[in-house]
Amino acid sequence: MTNRLGLAVLRLETVSSTNDVARELAASGATEGLCIIAGQQTAGRGRQGRSWASAPGDGLYLSVILRPTVPASNSPVITLAAAVAVAETLISDFKIDAEIKWPNDVLVRGRKICGILVESAIEGNHLSYAVMGIGINILQRAFPDSIGTPATSVFLETGSEVTIKDLIAFLLPKLDRWYRASQSRADDVLAKWQELSPMSRNCRVVVEMPEGNVEGITRGLLPGGALDVELANGVRRAIVAGDVRVRETARP
Ligand code: BTN
């Protein structure tokens, strides 16, 4: 039985990274569901050693402590569940045309509006805890070219000054619902994720991997959350890490 996410919230003004704070608290026994929200991060981080711009008041910087019951090998589904919750919130509560890019970016018109970084502590084949870190761009008016990836914010998409508080109020119940699904009905998470991610099927992609780029066509998600990519020679490859770039939409 999980505690409801967001039942307890710790609000802090300035932190290095909400994921750091959450990991420390989780390691010293904090209960599942505790949310850490910061006004700014001085060392916000993203996947693959990237940084996450975290200026005061611009965005939501949130980390949630989780105590998953599923085997560690199923943990990618937790990340997918977070992306589903964010995309669903932006679509249904803010009328933003959000979609998911594998594994866990939420984009609008090809521009990144949210990034998710799940970090976990593994014991045997179980997770003693996981920290679900979510950054959502909310009030930015513009983004410097130096951030590298095209980005957007809730303000740029809607013209409204949505408050961070409002966004949290809409997001937390969906995070709770989809996280619970990831623990008991992973198929529901995979199905919803694929519905929200047009690139997950029949898209020509380039997968950037440490050993070099691989090109292929996406064929959906595999049960553990890996992306199923069909290579030019017909071989299917399960992609579990790396960045995926869309080339063009292919015919099925
Ligand atoms: C990515 O897109 O690479 C993931 C970005 C994750 C950013 C969030 S902001 C809250 C939490 N704290 C961090 O340092 N990172 C995550």
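Biologist: Which domains does the domain assignment give for this protein?

Modeller: The assignment, whose bounds come from an automatic or database source, gives domain 1 (9-195) and domain 2 (199-249). This is a predicted model, in which local features need pLDDT of at least 70 and side-chain atom pairs count only at pLDDT 80 or more, while totals for chains, interfaces and linings use all residues. Residues are numbered from 1 along each chain as its sequence is written, and side-chain values use heavy atoms, with hydrogens and water left out.

Biologist: What separates the centres of the two domains, and how many residues does each put into the contact?

Modeller: The centres of domain 1 and domain 2, taken over C-alpha atoms, are 23 Å apart. Counting contact as heavy atoms within 4.5 Å, domain 1 contributes 12 residues and domain 2 contributes 17 residues.

Biologist: And how much area do they bury between them?

Modeller: About 1,200 Å² is buried between domain 1 and domain 2, with 54% of it on carbon and sulfur atoms; buried area here is the accessible area (1.4 Å probe) that two parts lose on being put together, summed over both. Of the area that domain 1 buries against domain 2, K101, W102 and Q194 supply 55%, which is more than any other three residues.

Biologist: How many salt bridges and polar contacts are there between the domains?

Modeller: There are two salt bridges between domain 1 and domain 2, a salt bridge being a side-chain nitrogen of Lys or Arg within 4 Å of a carboxyl oxygen of Asp or Glu. Seven residue pairs, both residues at pLDDT 80 or more, are in polar contact between the domains, where a polar contact is a pair of N or O atoms within 3.5 Å, one able to donate a hydrogen and the other to accept it, and residues adjacent in sequence count only if both atoms are side-chain atoms.

Biologist: Which elements of domain 1 give two or more residues to that side?

Modeller: Those are α2 (76-94), β4 (98-101) and α5 (186-195), with helices (H or I, at least four residues) and strands (E, at least two) taken as DSSP runs numbered from the N terminus.

Biologist: Switching topic, how many salt bridges are there by this rule in total?

Modeller: The count comes to 20 salt bridges. One of them joins R45 and E119, whose closest N and O atoms are 2.8 Å apart. R45 lies in the loop between β2 (35-41) and β3 (59-66) and E119 in strand β6 (residues 111-123), so this pair ties together parts that are 74 residues apart in sequence.
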